[in-house]
Each structure stands twice: as structure tokens, then as C-alpha cells.
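These are my notebook entries on one protein chain. I list what I looked up, in the order in which I looked.

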Amino acid sequence: MHGELRSVSLSTRIIAFLWDYIIIAGYIILLIGVSFLIRPLLTPLFTKNPLSAEFAGFLFITLPVYLYFAVCEGSKSRATWGKRKAGIIVTGINGQSIGLGSSLLRSALKFVPWELAHFTIWHMVIPSNYPESFIYLLLAIVYVLVLIYLISPLWSKNKQTVYDLIAGTVIRYKN
């Protein structure tokens, strides 16, 4: 078994994410730099309609970040760079490696609010056929999901988030 059975605090998880955010921010800065070079090619992707903007944003931002988390946490190290810095790993309930499949599921569930937020924002910025009330309802759902994700470790026995519970994963301290 890998990782102590002692539960990892929410603050440790947040610190690990902040370390990971350094990598994410670096990637976004790189994207911004490249976007200035190829702006004429990118502009139509982000101005025609909200769905093409959403898809382009997903391909350039969400998908790489999602894969960073999924591949790192499903690998032999069981952790992203931030989790390794914080001394924690992602495991199955019994301490076993989760593998790529469970890691892909866990990360997909983790990023649902993020991607739903992007979807709603693009439909607010670029006119669409969706009613305004529907867009605001989706945005409210984003806030509810984020709140549930943040507080769910507080009531869970193993300090699991909702996406950890669904994926059958838990965050543990690395031995």
C-alpha cells in the first residue's frame, strides 16, 4: 500500500493546486505569446460563434490542462508536480494505483465546472440562440458545483471530493 491512511487536509490540496497553477499560468503565458504571432488565424475561431470559440478554447486550454492532471495522476508517480511538492498522491480507496482510465474520469469530473463556465461565458460574450435565463442558470450551476467540490471533503470520511467519490479515488500522503 502506498500513502498513509491519514486524510489530507483541504488546505494541503489547495497548496498543491497553487503549485500546479504555476505550470498552468506558464502554459497560458506561452499561449498568449504564440497567439500574438498567429492572431489572424485564431481570430475567426473565437469570433464566429460561441460553439467554435468554446471548442477552440477547449482544445488550446482545457484539454492540455486536463491531460496534465490525468496523465500525471494516472502515472507511476500518482501525482502532478504540485502534489509531489506537497507530498501527496492520488490513489484508489485501498491505496492502489488508479491507472490512466480512472485518472481520466477523475480529471474529467474535476474540470466539469471549469468547462461549463467557459461554455456559459462564451454564450454571454457572443450572441447565441440560448435564452439568457438558461445561460444564467448554467452559471449558477457552475457556482453550486464549485461550492460542492470545495466543501465535500469536509463531510467525507476520507476527505474526498465528489469527483473522488465517483472515481473511487482518495488523496493520501506519500510515504
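Before anything else I noted how elements are defined: helices (H or I, at least four residues) and strands (E, at least two) are DSSP runs, numbered from the N terminus. By that rule Leu154 sits in helix 7, residues 132-155.

**Ground rules.** The model is predicted, so I kept in mind that local features need pLDDT of at least 70 and side-chain atom pairs count only at pLDDT 80 or more, while totals for chains, interfaces and linings use all residues. Residues are numbered from 1 along each chain as its sequence is written, and side-chain values use heavy atoms, with hydrogens and water left out.

**Overall.** I found eight helices and three strands in the protein. Read from the N terminus, the order of the elements is β-α-α-α-α-β-α-α-α-α-β. Along the principal axes, the C-alpha atoms fill a box of roughly 50 × 40 × 25 Å. For accessibility I used these cut-offs: buried is under 20% relative accessible area, exposed is over 50%, and partly exposed lies in between (1.4 Å probe, protein chains only). Of the 175 residues, 38% are buried. I then looked up contacts, where contact means heavy atoms within 4.5 Å. Among contacts with a separation of 6 or more, 71% are between residues 24 or more positions apart.

**Leu154.** Is Leu154 buried or exposed? Leu154 counts as exposed because its relative accessible area is 60%. I also looked up its distance to Ile171, which is 17 residues away along the chain: their C-alpha atoms are 13 Å apart.

**Thr120.** This residue belongs to helix 6, residues 112-125. Thr120 is buried because its relative accessibility is 0%. Which residues does Thr120 touch, leaving aside its neighbours within four places in sequence? They are Ile135, Leu138 and Leu139.

**Helix 1 against helix 3.** Helix 1 (residues 10-37) packs on helix 3 (residues 50-74) at an angle of about 145°, and their axes are 11 Å apart. Here axes are lines fitted to C-alpha atoms, for helices over the stretch in contact, and angles run from 0 to 180 degrees between N-to-C directions. On the helix 1 side the contact uses Phe17, Asp20, Ile23, Ile24, Tyr27 and Leu31; helix 3 supplies Phe60, Ile61, Pro64, Val65, Tyr68 and Phe69. I sorted these residues into 11 nonpolar, no polar and one charged. In that sorting, Ala, Val, Leu, Ile, Met, Phe, Trp, Tyr, Cys and Pro are nonpolar, Asp, Glu, Lys and Arg are charged, and the others, Gly among them, are polar.

**Helix 5.** Helix 5 (residues 99-110) has 12 residues and reaches 16 Å from its first C-alpha to its last, close to the 16 Å expected at 1.5 Å a residue. The expected span is 1.5 Å times one less than the number of residues. Ser103, Arg106, Ser107, Leu109 and Lys110 are buried in this helix. Seen down the axis, the buried residues of helix 5 fall within an arc of 160°, so they line one face. The arc is that of the directions from the helix axis to the C-beta atoms.

**Two positive phi values.** Most residues other than glycine have a negative phi. Arg78 is not a glycine, yet its phi is positive, about 60°. I located Arg78 in the loop between helix 3 and helix 4 (81-86). Arg78 is buried, because its relative accessible area is 9%. Lys159, also not a glycine, has a positive phi of about 55°. Its place is the loop between helix 7 and helix 8 (162-167). At 31% relative accessible area, Lys159 is partly exposed.
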